[in-house]
Amino acid sequence: MLEVSAISLHYGKHLALDNVALSVADKETVVVLGANGAGKSSLLKAIAGMVRPNPGARVNLDGVNLVGRPDHSFVEQGIALVPEGRGIFGDLTVAENLELGAYPRHARPHEARQRALVLDLFPRLGERQQQIARTMSGGEQQMLAIGRALMSCPRLLMLDEPSLGLAPIVTTELFAALQRIGQTDIALLVVEQNVKASLGIADRGYLMEAGRIVGTGSAAALRSDAAVQQAFLGGAAPTAISTGVFP
Amino acid sequence: MLSSAILTGLVLGGTYALVAMGLTLQYGVARIMNLAYGDIVIAASFAAFVLFSALGINPLLGMLLILPLGFALNWLIYAILLQPLARRSRDRGRLEGDSILATFGLLFVIQGVALVIFGSGFQSYNFLAVPVNILGTIVAANRLLALVLAVAFAIGLFVLLTRTRFGTVIRAVAANPASAPLVGVNVDSVARFAFALGGALAAAGGVVISMYLTFSATMGVVFTMKALIVVIMGGVGNLMGALAAGLILGLVETLVSTYIDPGLTLAATYLIFLAVLVVRPQGLFGKATS
């Protein structure tokens, strides 16, 4: 469904993405792993149209290249991003945030159905419809951000570090919800620091380092991969852990 | 004397609030600090004056023409002059600096045109200048109408912003412009619309002012300053804050000029303004974190 290739991105002279390619199949859950600054966030932003990659890049959704289209048109094509920091409308109520999620033209007819789905997934949002979004806890805000993205009837839902800053129990809850979303028709592309939990819900994974894809495999294979274990899963590689550098 | 002063203060305050609501839309949503704002107000006053004195069209009917014109003119100003600035400066600080300079130039263009056509003298016209008795206080009907119009526009705008999908979109862009594209909102076109709507409110304020005050081509800056004070007192982008702050400002000015000295009205205005800036820099009704 999603075929991304030749994505390079410069911030000034800094090369954030270097000729990245990846793909996500229909209904698949894919995770991108890598250290801080590896370019994972930039990659999601490029796929969502929030930043424009260098010429030659392709973000093909069902064979149609979306690169170069205006940023607000990507969600209309079925690509929804839950950005790092959540990006909810803090001054607005929960209900208004969800309503805005259904703003894309193709999503409007399905607003009621999607809202029911979101409230079933995150019952706490239902209890807090009239609450101003920024007064909620971090976990609730993350649920709202995901709920808002689901309101747009996405075919591909991308999440940038959804568990960042959340308590372990909230993270568990969050990944349970993501797993349920992954079992629907929606494909997931997740960037995460929490390697164990994200590999637990993923079908496949990519490893990123310094703006490049350096490895890929099934979730099961990555879980048992020595390099992944050393870098992320607390394997016996004290230098890698203490410096935080991907081996 | 007190009830008369309060009524006069409410009329003046209602006008300030009406004028300020347009500026808070332009600044809160389109992120344009528009120094030419008061000159749009005065241009609308002159338009109402011309329609009334030359063509005999009463200002209420005149609004039907002047408001859409104000909307269109501001839409064009944004599309031609300000959108290029907004596109090339993605961070807010730079856009504010650029827009202040650009609209400072625009101020003199509009003012210059008004000076050429109307000269520098004060103008006014007689519309509904009949006394009305409100609970024992005599007040001119045109002032009463000004207050009613200000309140009606405030309610209308409030309903638009809080009860419609498009209003929610406008508030979303004001709250978090970076996230708006994530839900498919075209920030450029929403900002353009909000700026134009703010311009239409400025025009409404101008027509209301012309009904009961004298005005001149060089008076625009006074209304820009007053509107700016009201916007900052009420909290940037806060509609109800602008309404309340406008009424407070009008009341204080009138009470000071009635009971202390008319020469101290401006001093009182800025004293309140400074007090608000020192004690509550986010505005009386603004949020502490924004």
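This is a predicted model: local features need pLDDT of at least 70, side-chain atom pairs count only at pLDDT 80 or more; totals for chains, interfaces and linings use all residues.
View 1. Glu253(B) lies in helix H9 (residues 239–259) of chain B; helices are DSSP runs of H or I with at least four residues, numbered from the N terminus. Leaving aside residues up to four places away in sequence, Glu253(B) touches Leu12(B), Tyr16(B), Lys226(B), Thr265(B) and Thr269(B) (contact: heavy atoms within 4.5 Å).

**View 2. Polar contacts of the Glu253(B) side chain.** The side chain of Glu253(B) makes a polar contact of 2.7 Å with the side chain of Tyr16(B), and another of 2.7 Å with that of Thr269(B). A polar contact is a pair of N or O atoms within 3.5 Å; within protein, one must be able to donate a hydrogen and the other to accept it, and residues adjacent in sequence count only if both atoms are side-chain atoms.

**View 3. The contact between chain A and chain B.** Chain A supplies 22 residues and chain B 18 residues. The salt bridges between the chains number two; in one of them, Arg171(B) meets Glu96(A) at 2.7 Å, N to O (a side-chain nitrogen of Lys or Arg within 4 Å of a carboxyl oxygen of Asp or Glu).

**Notes.** Residues are numbered from 1 along each chain as its sequence is written, and chains are lettered from A and ligands numbered from 1 in the order written. Local features need pLDDT of at least 70, side-chain atom pairs count only at pLDDT 80 or more, and totals for chains, interfaces and linings use all residues, while side-chain values use heavy atoms, without hydrogens and water.

How values were computed
Helices (H or I, at least four residues) and strands (E, at least two) are DSSP runs, numbered from the N terminus.
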